[in-house]
Amino acid sequence: MKQGKGLIIAFFVTLAALFGCDTIDCTLDNTVVMRCSFFKDGNAVQLHDLLTITANDTNIVLLNSQRDASYIKLSLSYFNTEDTLVFHVTGDRYELTDTLWIKKTSYNHFESPDCPVNMFHHITEVRSTHMYIDSVTITQPDVNFAEHENLQIHFYSSAD
Amino acid sequence: MKIFRFISILLLISLFSPALWGQSKKDKQPREKAPLLSGVGVGIDLCGLAMKGVGARFANMEICGRVGLKEKFFPIFEIGIGDCTRNGGETTNVFSTRAPYWRIGMDYNVNKKVNGNRFLVGVRYGFTNYKYDFSAPDFEDPVYGVVSPLRLEGLKGNNQWLEFCLGFETRLWSIMRLGYNIRYKMRTLQSVSELGEPYFVPGFGKNDNSCFGGSVYLTFDIGKTANLKGQKSLFGKRKKKEETKNKEQNAPPEDIAPRAAKRRGG
(Lines give C-alpha, C1' and ligand atoms only; values in the text may rest on other atoms or scores of the structure.)
Protein backbone atom coordinates (compact mmCIF):
# COMPACT_ATOMS: atom_id res chain seq x y z
CA MET A 1 0.00 0.00 0.00
CA LYS A 2 2.91 2.31 0.82
CA GLN A 3 4.23 1.62 -2.63
CA GLY A 4 0.95 2.73 -4.20
CA LYS A 5 0.88 5.97 -2.21
CA GLY A 6 4.50 6.71 -3.10
CA LEU A 7 3.71 6.10 -6.76
CA ILE A 8 0.79 8.51 -6.74
CA ILE A 9 2.65 11.25 -4.84
CA ALA A 10 5.68 10.95 -7.08
CA PHE A 11 3.41 11.11 -10.12
CA PHE A 12 2.04 14.48 -9.02
CA VAL A 13 5.52 15.77 -8.16
CA THR A 14 6.58 14.87 -11.71
CA LEU A 15 3.58 16.71 -13.13
CA ALA A 16 4.40 19.78 -11.02
CA ALA A 17 7.96 19.74 -12.32
CA LEU A 18 6.85 19.47 -15.92
CA PHE A 19 4.18 22.15 -15.74
CA GLY A 20 6.25 24.49 -13.57
CA CYS A 21 6.88 28.13 -14.35
CA ASP A 22 9.42 29.14 -16.90
CA THR A 23 12.09 31.79 -17.29
CA ILE A 24 12.74 34.14 -20.17
CA ASP A 25 16.35 34.42 -21.25
CA CYS A 26 16.64 37.31 -23.70
CA THR A 27 20.02 38.80 -24.52
CA LEU A 28 20.42 41.93 -22.39
CA ASP A 29 22.81 43.72 -24.74
CA ASN A 30 20.51 43.50 -27.72
CA THR A 31 21.20 46.71 -29.64
CA VAL A 32 22.51 46.34 -33.17
CA VAL A 33 24.68 49.32 -34.11
CA MET A 34 27.43 50.01 -36.58
CA ARG A 35 30.57 51.31 -34.88
CA CYS A 36 32.73 53.80 -36.79
CA SER A 37 36.13 54.90 -35.49
CA PHE A 38 37.83 58.16 -36.49
CA PHE A 39 41.35 58.37 -37.84
CA LYS A 40 43.69 61.13 -39.01
CA ASP A 41 47.08 60.45 -40.55
CA GLY A 42 46.68 56.78 -39.72
CA ASN A 43 46.13 57.39 -35.99
CA ALA A 44 42.96 57.13 -33.92
CA VAL A 45 41.79 60.62 -33.01
CA GLN A 46 39.09 62.52 -31.20
CA LEU A 47 37.10 64.75 -33.50
CA HIS A 48 36.98 68.14 -31.75
CA ASP A 49 34.61 69.60 -34.33
CA LEU A 50 30.86 69.47 -33.89
CA LEU A 51 29.43 66.44 -35.70
CA THR A 52 25.82 65.86 -36.69
CA ILE A 53 24.69 62.94 -38.84
CA THR A 54 21.35 62.68 -40.61
CA ALA A 55 19.78 60.05 -42.83
CA ASN A 56 19.53 61.68 -46.22
CA ASP A 57 16.25 60.21 -47.43
CA THR A 58 14.27 60.87 -44.24
CA ASN A 59 16.16 63.71 -42.50
CA ILE A 60 16.15 61.69 -39.31
CA VAL A 61 18.89 62.87 -36.98
CA LEU A 62 21.03 59.86 -36.12
CA LEU A 63 23.67 61.79 -34.17
CA ASN A 64 23.10 65.26 -32.79
CA SER A 65 25.90 67.77 -32.18
CA GLN A 66 28.51 65.35 -30.92
CA ARG A 67 31.87 66.84 -29.90
CA ASP A 68 35.17 65.18 -28.95
CA ALA A 69 34.07 61.81 -30.27
CA SER A 70 36.65 59.16 -31.13
CA TYR A 71 33.98 56.79 -32.42
CA ILE A 72 30.25 56.78 -33.09
CA LYS A 73 27.54 54.13 -33.07
CA LEU A 74 24.89 54.34 -35.74
CA SER A 75 21.76 52.30 -36.39
CA LEU A 76 21.33 51.02 -39.91
CA SER A 77 17.96 50.82 -41.57
CA TYR A 78 16.13 47.48 -41.46
CA PHE A 79 14.65 47.42 -44.93
CA ASN A 80 16.82 49.62 -47.22
CA THR A 81 19.55 48.01 -49.28
CA GLU A 82 21.60 51.21 -49.10
CA ASP A 83 21.75 53.82 -46.35
CA THR A 84 22.75 57.37 -47.15
CA LEU A 85 24.23 59.22 -44.21
CA VAL A 86 25.07 62.91 -44.29
CA PHE A 87 27.91 64.10 -42.04
CA HIS A 88 27.67 67.77 -41.00
CA VAL A 89 31.00 68.89 -39.55
CA THR A 90 31.18 72.34 -37.98
CA GLY A 91 34.58 73.70 -36.98
CA ASP A 92 35.71 77.13 -35.83
CA ARG A 93 36.24 78.45 -39.34
CA TYR A 94 34.40 75.99 -41.53
CA GLU A 95 31.19 74.08 -42.03
CA LEU A 96 31.44 71.03 -44.28
CA THR A 97 29.12 68.31 -45.42
CA ASP A 98 30.01 64.82 -46.59
CA THR A 99 27.79 61.96 -47.70
CA LEU A 100 28.43 58.33 -46.89
CA TRP A 101 26.71 55.52 -48.79
CA ILE A 102 26.59 52.11 -47.14
CA LYS A 103 25.42 49.12 -49.14
CA LYS A 104 24.35 46.16 -47.07
CA THR A 105 22.29 43.02 -46.83
CA SER A 106 20.05 42.63 -43.80
CA TYR A 107 18.65 39.51 -42.21
CA ASN A 108 16.42 38.84 -39.23
CA HIS A 109 17.59 37.44 -35.97
CA PHE A 110 15.26 36.04 -33.31
CA GLU A 111 15.88 34.20 -30.06
CA SER A 112 12.52 33.44 -28.55
CA PRO A 113 8.90 34.52 -28.98
CA ASP A 114 9.34 36.50 -25.76
CA CYS A 115 12.28 38.52 -27.04
CA PRO A 116 12.23 41.35 -29.57
CA VAL A 117 13.30 40.49 -33.11
CA ASN A 118 16.46 42.18 -34.35
CA MET A 119 17.96 42.82 -37.74
CA PHE A 120 21.61 41.98 -38.42
CA HIS A 121 23.49 43.47 -41.35
CA HIS A 122 26.38 42.60 -43.61
CA ILE A 123 28.11 45.62 -45.15
CA THR A 124 29.11 44.98 -48.73
CA GLU A 125 30.29 48.36 -49.99
CA VAL A 126 31.03 51.84 -48.65
CA ARG A 127 31.73 55.03 -50.58
CA SER A 128 31.71 58.73 -49.72
CA THR A 129 32.23 62.27 -50.90
CA HIS A 130 35.55 63.82 -49.94
CA MET A 131 35.04 67.24 -48.46
CA TYR A 132 36.17 66.24 -44.98
CA ILE A 133 36.38 62.46 -45.27
CA ASP A 134 39.52 61.16 -46.92
CA SER A 135 38.60 57.48 -47.09
CA VAL A 136 36.48 54.82 -45.43
CA THR A 137 37.53 51.21 -44.88
CA ILE A 138 35.47 48.25 -43.77
CA THR A 139 37.14 46.42 -40.87
CA GLN A 140 34.26 44.14 -39.85
CA PRO A 141 31.38 43.79 -42.32
CA ASP A 142 29.01 42.01 -39.92
CA VAL A 143 26.89 44.30 -37.77
CA ASN A 144 25.32 42.42 -34.88
CA PHE A 145 25.24 42.30 -31.08
CA ALA A 146 29.03 42.20 -30.87
CA GLU A 147 30.03 45.84 -30.96
CA HIS A 148 33.14 45.43 -33.07
CA GLU A 149 34.63 48.28 -35.05
CA ASN A 150 32.90 48.04 -38.42
CA LEU A 151 34.24 51.10 -40.25
CA GLN A 152 37.32 53.27 -40.04
CA ILE A 153 36.64 56.80 -41.24
CA HIS A 154 39.84 58.60 -42.16
CA PHE A 155 39.57 62.41 -42.18
CA TYR A 156 41.89 64.81 -43.89
CA SER A 157 44.56 66.03 -41.54
CA SER A 158 43.38 69.61 -42.00
CA ALA A 159 40.04 70.92 -43.20
CA ASP A 160 41.59 74.07 -44.57
CA MET B 1 13.12 27.05 -12.23
CA LYS B 2 16.07 24.68 -12.63
CA ILE B 3 16.43 24.54 -8.85
CA PHE B 4 12.74 23.69 -8.53
CA ARG B 5 13.09 20.86 -11.02
CA PHE B 6 16.21 19.59 -9.29
CA ILE B 7 14.39 19.52 -5.94
CA SER B 8 11.47 17.73 -7.59
CA ILE B 9 13.81 15.08 -8.90
CA LEU B 10 15.44 14.61 -5.52
CA LEU B 11 11.97 14.19 -4.02
CA LEU B 12 11.14 11.69 -6.68
CA ILE B 13 14.25 9.63 -6.03
CA SER B 14 13.60 9.71 -2.32
CA LEU B 15 10.11 8.41 -2.97
CA PHE B 16 11.36 5.56 -5.11
CA SER B 17 13.81 4.17 -2.61
CA PRO B 18 11.62 3.32 0.40
CA ALA B 19 9.02 1.66 -1.77
CA LEU B 20 11.55 -0.59 -3.40
CA TRP B 21 13.86 -1.35 -0.50
CA GLY B 22 10.96 -1.83 1.90
CA GLN B 23 9.30 -4.24 -0.42
CA SER B 24 12.41 -6.31 -1.04
CA LYS B 25 12.64 -6.99 2.68
CA LYS B 26 9.02 -8.02 2.98
CA ASP B 27 8.85 -10.24 -0.09
CA LYS B 28 10.42 -13.50 0.86
CA GLN B 29 9.22 -15.37 -2.17
CA PRO B 30 11.74 -17.55 -4.02
CA ARG B 31 13.38 -15.97 -7.03
CA GLU B 32 11.88 -16.88 -10.37
CA LYS B 33 14.15 -17.06 -13.35
CA ALA B 34 12.84 -15.10 -16.28
CA PRO B 35 13.24 -16.47 -19.80
CA LEU B 36 15.54 -14.81 -22.31
CA LEU B 37 12.66 -13.28 -24.24
CA SER B 38 10.53 -12.34 -21.30
CA GLY B 39 7.98 -10.15 -23.03
CA VAL B 40 7.05 -7.56 -25.60
CA GLY B 41 5.43 -4.28 -24.65
CA VAL B 42 3.70 -1.42 -26.38
CA GLY B 43 3.08 1.82 -24.51
CA ILE B 44 1.65 5.28 -24.85
CA ASP B 45 2.78 8.41 -23.04
CA LEU B 46 -0.15 9.87 -21.11
CA CYS B 47 1.80 12.94 -20.07
CA GLY B 48 2.15 14.24 -23.62
CA LEU B 49 -1.53 13.70 -24.32
CA ALA B 50 -2.45 15.42 -21.05
CA MET B 51 -0.25 18.40 -21.87
CA LYS B 52 -1.87 18.68 -25.28
CA GLY B 53 -5.30 18.30 -23.69
CA VAL B 54 -4.84 21.09 -21.16
CA GLY B 55 -3.44 23.39 -23.85
CA ALA B 56 0.17 23.49 -22.72
CA ARG B 57 2.42 25.53 -24.97
CA PHE B 58 4.22 22.40 -26.10
CA ALA B 59 3.71 18.66 -25.98
CA ASN B 60 5.52 15.52 -27.07
CA MET B 61 3.01 12.81 -27.89
CA GLU B 62 4.67 9.46 -28.24
CA ILE B 63 4.33 5.70 -28.24
CA CYS B 64 6.98 3.11 -27.55
CA GLY B 65 7.75 -0.50 -28.28
CA ARG B 66 10.12 -2.62 -26.27
CA VAL B 67 11.38 -6.12 -25.77
CA GLY B 68 12.12 -7.67 -22.40
CA LEU B 69 15.25 -9.78 -22.10
CA LYS B 70 15.59 -11.84 -18.93
CA GLU B 71 13.34 -9.28 -17.20
CA LYS B 72 16.50 -7.18 -16.88
CA PHE B 73 17.23 -5.54 -20.20
CA PHE B 74 14.62 -3.68 -22.20
CA PRO B 75 15.72 -2.43 -25.62
CA ILE B 76 13.24 0.29 -26.47
CA PHE B 77 12.18 2.34 -29.46
CA GLU B 78 10.12 5.50 -29.04
CA ILE B 79 8.45 7.50 -31.77
CA GLY B 80 6.37 10.61 -31.37
CA ILE B 81 5.25 13.99 -32.61
CA GLY B 82 6.44 17.18 -30.98
CA ASP B 83 4.02 20.07 -31.21
CA CYS B 84 4.52 23.66 -30.11
CA THR B 85 2.76 26.94 -30.70
CA ARG B 86 4.15 29.64 -28.49
CA ASN B 87 2.96 33.23 -28.33
CA GLY B 88 5.29 35.82 -26.85
CA GLY B 89 4.25 37.07 -23.43
CA GLU B 90 5.07 40.71 -24.03
CA THR B 91 5.41 40.60 -27.80
CA THR B 92 3.16 39.56 -30.65
CA ASN B 93 5.75 37.06 -31.88
CA VAL B 94 4.66 33.50 -32.58
CA PHE B 95 6.83 30.40 -32.83
CA SER B 96 5.41 27.12 -34.10
CA THR B 97 6.61 23.69 -35.11
CA ARG B 98 5.24 20.19 -35.47
CA ALA B 99 7.49 17.30 -36.41
CA PRO B 100 8.20 13.66 -35.65
CA TYR B 101 11.08 12.42 -33.55
CA TRP B 102 12.65 9.08 -32.69
CA ARG B 103 14.54 7.64 -29.77
CA ILE B 104 16.30 4.34 -29.36
CA GLY B 105 17.82 3.05 -26.17
CA MET B 106 17.81 0.53 -23.41
CA ASP B 107 16.39 0.26 -19.90
CA TYR B 108 17.88 -1.86 -17.15
CA ASN B 109 15.71 -3.21 -14.36
CA VAL B 110 17.47 -2.75 -11.02
CA ASN B 111 14.81 -4.64 -9.06
CA LYS B 112 16.17 -8.14 -8.40
CA LYS B 113 12.74 -9.66 -7.80
CA VAL B 114 10.44 -10.71 -10.61
CA ASN B 115 7.42 -9.33 -8.82
CA GLY B 116 5.87 -7.00 -11.36
CA ASN B 117 7.64 -3.86 -10.20
CA ARG B 118 10.49 -2.48 -12.22
CA PHE B 119 12.94 0.18 -11.15
CA LEU B 120 14.46 1.23 -14.43
CA VAL B 121 17.59 3.12 -15.28
CA GLY B 122 18.20 3.72 -18.93
CA VAL B 123 19.68 5.70 -21.72
CA ARG B 124 18.23 6.95 -25.00
CA TYR B 125 19.55 8.58 -28.13
CA GLY B 126 17.07 10.88 -29.79
CA PHE B 127 17.05 12.57 -33.16
CA THR B 128 14.70 14.70 -35.19
CA ASN B 129 14.51 16.65 -38.44
CA TYR B 130 12.01 19.45 -38.31
CA LYS B 131 10.83 22.73 -39.77
CA TYR B 132 9.80 25.72 -37.71
CA ASP B 133 8.01 29.00 -38.31
CA PHE B 134 8.47 32.36 -36.70
CA SER B 135 6.31 35.41 -37.22
CA ALA B 136 6.36 38.94 -35.85
CA PRO B 137 3.34 40.90 -37.13
CA ASP B 138 4.48 44.18 -35.56
CA PHE B 139 8.09 44.06 -36.69
CA GLU B 140 9.24 47.69 -36.86
CA ASP B 141 12.43 49.53 -37.61
CA PRO B 142 12.76 51.58 -34.40
CA VAL B 143 14.90 54.32 -35.95
CA TYR B 144 13.39 54.74 -39.40
CA GLY B 145 9.87 53.92 -38.24
CA VAL B 146 9.00 51.48 -41.01
CA VAL B 147 6.68 48.60 -40.07
CA SER B 148 6.91 45.41 -42.10
CA PRO B 149 5.31 42.20 -40.78
CA LEU B 150 7.85 39.43 -40.51
CA ARG B 151 6.92 35.88 -41.44
CA LEU B 152 9.61 33.21 -41.63
CA GLU B 153 8.35 29.80 -42.68
CA GLY B 154 9.93 26.40 -43.14
CA LEU B 155 13.21 27.10 -41.37
CA LYS B 156 15.05 23.79 -41.18
CA GLY B 157 16.49 22.25 -38.06
CA ASN B 158 18.16 19.04 -37.07
CA ASN B 159 18.87 17.93 -33.51
CA GLN B 160 20.35 14.91 -31.77
CA TRP B 161 20.54 14.37 -28.05
CA LEU B 162 21.31 11.90 -25.30
CA GLU B 163 18.92 11.08 -22.44
CA PHE B 164 19.53 9.50 -19.06
CA CYS B 165 16.36 8.04 -17.59
CA LEU B 166 15.26 7.02 -14.14
CA GLY B 167 11.87 5.37 -13.89
CA PHE B 168 9.53 3.13 -12.00
CA GLU B 169 6.69 1.01 -13.25
CA THR B 170 4.25 -1.40 -11.73
CA ARG B 171 1.59 -3.81 -12.89
CA LEU B 172 -1.87 -2.27 -12.69
CA TRP B 173 -4.04 -5.09 -13.87
CA SER B 174 -3.52 -8.12 -16.10
CA ILE B 175 -1.16 -7.05 -18.90
CA MET B 176 -1.61 -3.36 -18.16
CA ARG B 177 1.31 -1.55 -16.53
CA LEU B 178 1.75 2.05 -15.41
CA GLY B 179 5.11 3.68 -15.13
CA TYR B 180 6.79 7.01 -15.22
CA ASN B 181 10.26 8.27 -15.68
CA ILE B 182 12.24 11.45 -15.52
CA ARG B 183 14.88 12.22 -18.06
CA TYR B 184 17.94 14.40 -18.17
CA LYS B 185 18.57 15.38 -21.77
CA MET B 186 21.85 16.60 -23.21
CA ARG B 187 22.10 18.09 -26.67
CA THR B 188 24.84 16.49 -28.77
CA LEU B 189 24.24 18.02 -32.18
CA GLN B 190 22.24 20.95 -33.49
CA SER B 191 21.92 22.41 -36.93
CA VAL B 192 19.48 25.30 -37.29
CA SER B 193 18.81 28.31 -39.47
CA GLU B 194 21.18 31.25 -39.07
CA LEU B 195 18.14 33.50 -38.66
CA GLY B 196 17.45 32.14 -35.22
CA GLU B 197 17.32 29.08 -33.03
CA PRO B 198 14.03 27.28 -32.45
CA TYR B 199 12.26 27.84 -29.17
CA PHE B 200 11.25 24.18 -28.99
CA VAL B 201 12.81 21.02 -30.40
CA PRO B 202 10.41 18.09 -31.00
CA GLY B 203 11.17 15.27 -28.57
CA PHE B 204 13.74 17.31 -26.67
CA GLY B 205 11.73 20.16 -25.21
CA LYS B 206 12.65 23.79 -24.76
CA ASN B 207 15.80 24.35 -26.75
CA ASP B 208 18.89 24.54 -24.56
CA ASN B 209 22.13 22.67 -23.99
CA SER B 210 20.32 20.43 -21.53
CA CYS B 211 16.89 20.07 -19.99
CA PHE B 212 14.72 17.79 -17.89
CA GLY B 213 11.71 15.91 -19.14
CA GLY B 214 9.46 13.11 -18.12
CA SER B 215 6.79 10.75 -19.28
CA VAL B 216 4.00 8.66 -17.82
CA TYR B 217 3.63 5.43 -19.73
CA LEU B 218 0.63 3.13 -19.92
CA THR B 219 2.12 -0.07 -21.26
CA PHE B 220 0.60 -3.32 -22.42
CA ASP B 221 3.04 -6.13 -21.77
CA ILE B 222 2.62 -9.42 -23.57
CA GLY B 223 4.92 -12.27 -22.74
CA LYS B 224 5.98 -14.92 -20.31
CA THR B 225 6.70 -12.58 -17.42
CA ALA B 226 3.55 -10.53 -17.88
CA ASN B 227 1.52 -12.86 -15.65
CA LEU B 228 4.09 -14.76 -13.65
CA LYS B 229 3.12 -16.11 -10.26
CA GLY B 230 4.03 -13.77 -7.49
CA GLN B 231 3.59 -10.64 -9.55
CA LYS B 232 1.36 -8.23 -7.77
CA SER B 233 -1.03 -5.89 -9.45
CA LEU B 234 -1.51 -2.55 -7.76
CA PHE B 235 -5.29 -2.67 -7.83
CA GLY B 236 -5.89 -6.42 -8.17
CA LYS B 237 -7.81 -8.75 -5.84
CA ARG B 238 -4.82 -11.02 -5.42
CA LYS B 239 -2.99 -8.33 -3.52
CA LYS B 240 -5.72 -7.98 -0.91
CA LYS B 241 -5.90 -11.71 -0.42
CA GLU B 242 -2.14 -11.96 -0.03
CA GLU B 243 -2.10 -9.08 2.42
CA THR B 244 -4.73 -10.73 4.60
CA LYS B 245 -2.85 -14.04 4.46
CA ASN B 246 0.40 -12.36 5.43
CA LYS B 247 -1.30 -10.60 8.33
CA GLU B 248 -2.74 -13.87 9.60
CA GLN B 249 0.62 -15.63 9.32
CA ASN B 250 2.72 -12.86 10.84
CA ALA B 251 0.33 -11.79 13.61
CA PRO B 252 1.86 -12.49 17.03
CA PRO B 253 -0.20 -14.54 19.49
CA GLU B 254 -2.28 -12.18 21.60
CA ASP B 255 -1.70 -13.82 24.99
CA ILE B 256 2.11 -13.74 25.02
CA ALA B 257 2.57 -10.15 26.19
CA PRO B 258 0.00 -10.23 29.05
CA ARG B 259 1.36 -13.58 30.36
CA ALA B 260 4.95 -12.26 30.42
CA ALA B 261 3.75 -9.20 32.30
CA LYS B 262 1.91 -11.36 34.79
CA ARG B 263 5.04 -13.47 35.45
CA ARG B 264 7.19 -10.37 36.06
CA GLY B 265 4.80 -8.25 38.04
CA GLY B 266 2.72 -10.99 39.47
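This is a predicted model: local features need pLDDT of at least 70, side-chain atom pairs count only at pLDDT 80 or more; totals for chains, interfaces and linings use all residues.
**Entry 1: chain A overall**

I started with the secondary structure of chain A. I counted 1 helix and 11 strands. I then looked up burial. Chain A has 160 residues, and 26% of them count as buried. Next came the contacts between residues at least 6 apart in sequence. Of these, 52% join residues at least 24 apart.

**Entry 2: A:Thr129**

Where does A:Thr129 sit? I found A:Thr129 in the loop between β8 (118-128) and β9 (133-138) of chain A. I checked its surroundings. A:Thr129 has 14 C-beta neighbours inside 10 Å, so it counts as partly exposed. Buried would need 20 or more, and exposed 12 or fewer. I then looked for partners beyond four places in sequence. A:Thr129 is in contact with A:Asp98 and A:Thr99. I also noted A:Leu100, which is 29 residues from A:Thr129 in sequence. The C-alpha atoms of A:Thr129 and A:Leu100 are 6.8 Å apart.

**Entry 3: positive phi in chain A**

A:Ser65 has a phi of about 50 degrees. A:Ser65 lies in strand β4 (residues 61-66) of chain A. For A:Asp68 I read a phi of about 60 degrees. A:Asp68 lies in the loop between β4 and β5 (71-74) of chain A.

Is A:Ser65 buried or exposed? A:Ser65 is exposed, because 10 other C-beta atoms lie within 10 Å. I ran the check on A:Asp68 too. A:Asp68 has 10 C-beta neighbours inside 10 Å and therefore counts as exposed.

**Entry 4: the barrel of chain B**

I moved on to chain B. How many strands close into a barrel there? I found 8, in the order β1-β2-β3-β4-β5-β6-β7-β10, with antiparallel pairing. From one strand to the next, the twist averages 25 degrees.

I then looked at helix α2 (residues 46-53) of chain B. Helix α2 packs on the sheet and touches β1 (37-45), β2, β3 and β10 (210-222) of chain B. The direction of helix α2 makes about 165 degrees with that of β2(B).

**Entry 5: strand pairs in chain B**

I went through some of the pairs in turn. Strand β2 (residues 58-69) and strand β3 (residues 73-87) of chain B are antiparallel and share 10 bridges. Here B:Glu62 has B:Gly80 in β3(B) as its bridge partner.

Strand β4 (residues 94-109) and strand β5 (residues 118-136) of chain B also run antiparallel, joined by 12 bridges. In this pair I found B:Asp107 opposite B:Gly122 of β5(B).

On to β5(B) and strand β6 (residues 150-173) of chain B. I counted 18 bridges, again in the antiparallel sense. B:Val123 has B:Phe164 in β6(B) as its bridge partner.

**Entry 6: B:Arg118**

Why does B:Arg118 count as buried? B:Arg118 has 24 C-beta neighbours inside 10 Å, and buried takes 20 or more.

Which residues touch B:Arg118, leaving aside neighbours within four places in sequence? I found B:Asn109, B:Asn111 and B:Glu169 in contact with B:Arg118. I looked again at B:Glu169. B:Glu169 is 51 residues from B:Arg118 in sequence, yet their C-alpha atoms are 5.3 Å apart.

Conventions. Residues are numbered from 1 along each chain as its sequence is written. Chains are lettered from A and ligands numbered from 1 in the order in which they are written. Two strands pair if DSSP finds at least two bridges between them. Helices (H or I, at least four residues) and strands (E, at least two) are DSSP runs, numbered from the N terminus. Axes are lines fitted to C-alpha atoms, for helices over the stretch in contact, and angles run from 0 to 180 degrees between N-to-C directions. Two residues are in contact if their C-beta atoms, placed from the backbone, lie within 7 Å.
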